[in-house]
Amino acid sequence: MNNTLSESSATATKAIPLSIDDLTVAYHRKPVIWDVSLDLPAGSLVGVVGPNGAGKSTLLKAVMDLIPRASGRIKVFGESYADNRGRVGYVPQRESVDWDFPVDALDVVTMGLYREIGWCFPVRKKHRQAAMEALRRVGMADLANRQISQLSGGQQQRTFLARALVQDADLYLMDEPFAAVDASTERAIVDVLRDMRARGKTAVVIHHDLQTVAEYFDYVVLLNMRVVAHGSVKDVFTPENLQKTYGGRLTLLDEVTEAMRHQRRKL
Amino acid sequence: MIFAISWNWSLDGWIVLAGILAAVSAALLGNFLVLRRMSMLGDAISHSVLPGLAAAFFISGTRNSFPMFIGAVFVGVLTAYLTQWIRGMGKVDEGASMGVVFTSLFALGLVLIVQGADRVDLDPGCVLYGAIEQTPLDQVQLGGVGVPRAVVTLGIVTAINTLFVLLFYKELKLSSFDPALSTSSGLSAGLMHYLLMTLVAITAVASFESVGNILVVAMLVVPPASAYMLTDRLPVMIGLSVALATLAAVLGHLGAMAVPAWFGFESTTTAGMMAVASGLIMLLALAFAPRHGIVVKWCNQRWLAISILCDDIVALLYRREERQLPCVVLENELCRELQAGTWSIYFSLVWLQQRGETTDANQQIALTEKGRDRARNLVRSHRLWENYLASQAMVDGNRLHGLAERFEHFTGRELREQLDKEMDAPSHDPHGSVIPVEKREEGTSL
């Protein structure tokens, strides 16, 4: 990509939402990702693509200091993550959420505002209204008071998307927001992502469906423990090669499994 | 006489009040332990405050003193810290590292107490179940009224814990639900964790003397876990846990006085009975909870089984009609074909008739038009799935039927349409059977 962006001028560095230099993360001394160096352009939608176990989630968690790193430097808008926490929004992977927690969709979205509300201050009407507005934007207004395990997979994902929206961050890290969602949720997420980009925000999205990478993202990171390639989708993303590696996707199977899982949850 | 209880307000009243305060103060914090899946850490802390108590006693030489309190709280928090540390060190998981830390510390505490038994007015038995019965004996004057010291201490702790939960409600909720967001919002999840553990330690120490260890351990976990079964709203859960803790304390004391008498014994330890009562309450919650309860779950499962059986019955009749076989069957024929029990078939048939989907003339069961529609959709789902599994998912021929048989019950019109579209409206399934066409409802497009 554009090397002049990296270290040359301090002002340019400031604008880079996420700059990773020589990052290595290891679990029990076994490296999960190594030697990752990236500079992501501002105001773009970045897809992170790679097979299972490639370290995609690990990369996002390392950025947010949630797991220790063996080596490397990470800069968020030119400063350490700790200094810029408020500018980073996170959408966790579905599997990592405790869906039996006694909260409803509105509660979850309101959590995105806790930072703004501040320690010990109560949630006020205007905060609830803002959260409601975000839920409305993702088409979830009717389900605001439903406990989160009673939502479908797509609705759960929309809830977390709404939470990211109220956070009003500048850099979003999303761990597989498109995993096992229905078609209308997928569209809703894409709309929100594009809207974010239009407002100059950057989203780093772990993505599995290779067929939609070119459509959804401007920039792509191909990751398999190390960065295989990164750059604009046009330059580095060659669908034919990737198609062979990953094979087709059987979305309808996902759907019936989801329907069965949901039925069982109600039992 | 079943309830041969001689209730004395100035004695039993104080005992029950002490029990309620101990139970409520523990239950308040326990909600967040249960939600964080850390109930055992509460146990660990309340056990490991013992060496702190003993050591502080040896150093200061007094009981009921501030140094003793600080010493115990310090060791309690140390437990939480050591647990994290050991887990971080190597391959030991959280449960094991907790087990290592608190058993070692608890044993150390016991050794210290036994060693100094001649000088210490703390006996190992008291450690377990406390001396709640002696609560009314040790009183302090409060505005001219004699109030038991334990009630004052526990009252203060209850007030602190209530204030903590009210003031940090939002922070506790977030750091329990999503530590990552909590930390990135500047509300350090780690700090909340240790704040909570400090209060657990304080609660454990305050309850130690009056109600002993068993009750703290029980009350930290059991009432919140019962409340968790009963609701999916956090404020309701907290309120319920307080109510159930109170109930357990009252029932526990009454039980301690009454139950042993039934068997000709003298009254037993109140603290122990309070814990037993909370366990019984938990059992009731487990059985009758509205959504997660065993009874409701059982009914739902039966209901699902019956509705699947109904599906199977109409589908069986439909397939017979297709093959021009006699389209009426007897009840016992159904039992044989579907390998179902007589009762299940009986209930299913009653339900199908109730819905007007089958008719029953002299035990000859036949489909009505409405039942035929339902069956057609099912058979359509089944064959579409077989097609999809064979052509798109490359499933083995002999596994097709079994999978489709399961999927068909969970496949609605929308999913059928998607299947149909995905495969360009196939006319036959892999076995060569015609896929029936769905009857369009009046007024629906598509």
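This section describes the two chains of a predicted model, their contact, and selected local features.

The secondary structure of chain A comprises eleven helices and nine strands. Of the 267 residues in chain A, 40% are buried. Among the contacts in chain A with a separation of 6 or more, 71% join residues 24 or more positions apart. Chain B contains 17 helices and four strands. Its radius of gyration is 32 Å, whereas the globule rule gives 22 Å for 446 residues, so chain B is more spread out than a compact globule. The C-alpha trace of chain B spans about 95 × 60 × 40 Å along its principal axes. Buried residues account for 45% of the 446 residues in chain B. Of the contacts in chain B with a separation of 6 or more, 68% are between residues 24 or more positions apart.

The largest nonpolar core has 167 residues, and the members that touch the most others are B:Ala18, B:Ala23, B:Ala201 and B:Met219. The element that gives the most to this core is helix H9 (residues 189–230) of chain B, which supplies 25 residues. When neighbours within four places in sequence are left aside, the contacts of B:Ala18 are B:Ile132, B:Thr135, B:Pro148, B:Ala150, B:Val151, B:Leu154, B:Ser210 and B:Val211.

The contact between the chains takes 26 residues from chain A and 33 residues from chain B. On the side of chain A that touches chain B, the elements giving two or more residues are strand E5 (88–91), helix H4 (114–117) and helix H11 (251–266) of chain A. H11(A) provides the largest share of this side, with seven residues. By class, the side of chain A that touches chain B consists of 20 nonpolar, two polar and four charged residues.

Helix H5 (residues 125–137) of chain A was considered in more detail. At 1.5 Å a residue, its 13 residues should span 18 Å, and the end C-alpha atoms are 18 Å apart, in agreement with that expectation. The buried residues of H5(A) include A:Ala131, A:Ala134 and A:Leu135. Viewed down the helix axis, the buried residues of H5(A) fall within an arc of 100°, and therefore line one face of the helix. An α-helix has 3.6 residues a turn, so residues three or four places apart point the same way. The cover over the buried residues of H5(A) includes helix H3 (105–111) and helix H6 (153–167) of chain A. A:Lys125, A:Lys126 and A:Gln129, on the other side of H5(A), are exposed. After H5(A) comes A:Gly139, which has a positive phi, near 75°.

B:Ala425 is located in the segment after helix H17 (413–422) of chain B. It has 12 C-beta neighbours inside 10 Å and so counts as exposed, the limit for that class being 12 or fewer.

A:Leu223 is part of strand E8 (residues 219–224) of chain A. With 23 other C-beta atoms within 10 Å, A:Leu223 is buried. Apart from neighbours within four places in sequence, A:Leu223 is in contact with A:Val48, A:Val49, A:Gly50, A:Ala54, A:Gly55, A:Lys56, A:Leu59 and A:Val228. A:Leu223 and A:Leu151 are separated by 72 residues in sequence, and their C-alpha atoms are 32 Å apart in space.

Key:
Residues are numbered from 1 along each chain as its sequence is written. Chains are lettered from A and ligands numbered from 1 in the order in which they are written. This is a predicted model: local features need pLDDT of at least 70, side-chain atom pairs count only at pLDDT 80 or more; totals for chains, interfaces and linings use all residues. A nonpolar core is a set of buried Ala, Val, Leu, Ile, Met, Phe, Trp, Tyr and Cys residues joined through C-beta atoms within 7 Å. A residue is buried if 20 or more other C-beta atoms lie within 10 Å of its own, exposed if 12 or fewer, and partly exposed in between; C-beta atoms are placed from the backbone. Two residues are in contact if their C-beta atoms, placed from the backbone, lie within 7 Å. Ala, Val, Leu, Ile, Met, Phe, Trp, Tyr, Cys and Pro count as nonpolar, Asp, Glu, Lys and Arg as charged, and the others, Gly among them, as polar. The expected span of a helix is 1.5 Å times one less than its number of residues. The arc is that of the directions from the helix axis to the C-beta atoms. The radius of gyration is taken over C-alpha atoms; the globule rule is 2.2 Å times the number of residues to the power 0.38.
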